Amino acid sequence: MNARTALTIRDIEILFRPFIHRKIKLNSRLVMAPLSRNFATEGVPSPEMAHYYRRRAAHELGLIISEGAVIDDPAAAADESAPAFFGGAALRAWKNICREVHATGCKIIPQLTHVGMARPTDGSAPNPNEAPIGPSGIDPITLQQTAAPMSPSRIRAVIDSFGRAAAHARNLGFDGVEIQGGQGSLVDQFLRAATNHRDDEYGGDIPRRVRFACEVVHAVRKAVGSRLPVIFRLSQESPAHDDTRLARSADELAEYIIPLTDAGVDIFDCSSSSFHHAEFSGNPRTLAGWVRFISGKPVISTGGVGLPGAPMPALLQLLMAEEFDLIAVGRALVADHAWAEKVHSGRESDIIPFTLHSFGRLL
């Protein structure tokens, strides 16, 4: 008996049931995770990017979350090939991407991002004379202070930039907005004690460190109105320091999640290295499960789906147990645009496996 037979068709079908939320309705529980591809030209998404997203949307995905789309702060981008979410040419290209995805019946939202102190200083980033910015000017890799802390006026300006980007998303016809609040981004740098040493209202204990993120959520919520969902992505791990965690316990996690929920987050996107691993010792609940339990909101889980070491039975069992509501697939979809359809039809042997070479192409 092979693994597919053991799972049964009925088990697999749970991935392809509709997801119904008062602000968004999806045709399946499968989400394309936001993975940076960096195939834009001076910030303008290429026609190949529209083709890339449409090919995946057409194969039984419910939602596409775009790669990080850079807001209009001059220090927001880390690379010239990162797509911007401002300016006439870039926004026209994003509108075309949105139209192409919608033609398949799939939904799409942009992930709005600012890299903060993760911005390179070798002159390779857009606006090379702009220094990186962060809550305390601390490099998230070295944990050394290399720049001045953000001023209150710069903090306000960045929050306003997130709001403008969200308004663009609404006007272009996107189905919602995701805020990149994890994985070493600027918002993540405010959340973490290692990169936020401020002694004002934006730093110190968790309630103050989460304030910046909540104000970004408020600005985005105001811009998109009450009908579109606001999704917030968070991660426990720091990109360069896997041994450090955002929250050391469920109680600490709640100190982040409850204010963000109150600020207006509709859905949480929980990024983890492994979707099925327990988050805190002594309890089998995953990160997504804890966030769902604390917030009472729907959650997206992610972490290695479709790769070796990420068992499909565990995914289906957790979804059936309502540990999470949606599951995001990243690298497996980068390698094979029809991954979801092949899983649904039992053609796992036809799936193109992910390798590091997969990132070098936009197919």
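Predicted model: local features only at pLDDT ≥ 70, side-chain atom pairs only at ≥ 80, totals over all residues.
In helix α2, which spans residues 47-57, the buried residues are Met49, Ala50, Tyr52, Tyr53, Arg56 and Ala57. These residues lie on the same side of α2, because the arc that they cover around the axis is only 160 degrees. In general, residues three or four places apart in an α-helix point the same way, since there are 3.6 residues a turn. The cover over the buried residues of α2 includes the strands β3 (30-32) and β4 (63-70), together with the helices α3 (88-102) and α11 (331-335).

Glu322, which follows α10, has a positive phi, near 60 degrees.

The largest pocket holds about 1,200 Å³ of space, and its lining is formed by 47 residues, among which Pro34, Ser36, Gln180, Gln183 and Pro239 lie nearest the centre of the pocket. Two or more residues of this lining are given by each of the strands β4, β5 (107-113), β7 (230-235), β8 (237-238) and β12 (326-329). Of the elements, β4 gives the most to the lining of the largest pocket, with three residues, and β4 is also included in what covers the buried residues of α2. When the lining of the largest pocket is divided by class, 21 residues are polar, 18 are nonpolar and eight are charged.

Methods: Residues numbered from 1 in each chain as written. Heavy atoms only, no water. Buried < 20%, exposed > 50% of the residue type's maximum accessible area, 1.4 Å probe, protein only. Helix = DSSP H or I, 4+ residues; strand = E, 2+ residues; numbered from the N terminus. Arc of directions from axis to C-beta. Contact = heavy atoms within 4.5 Å. 1 Å grid on protein atoms, 1.4 Å probe; cavity = no way out; pocket = protein on both sides within 12 Å on 5 of 7 lines; lining within 4 Å. Points joined across faces, edges and corners; volume = space filled by probe spheres on them. Nonpolar A, V, L, I, M, F, W, Y, C, P; charged D, E, K, R; others polar.
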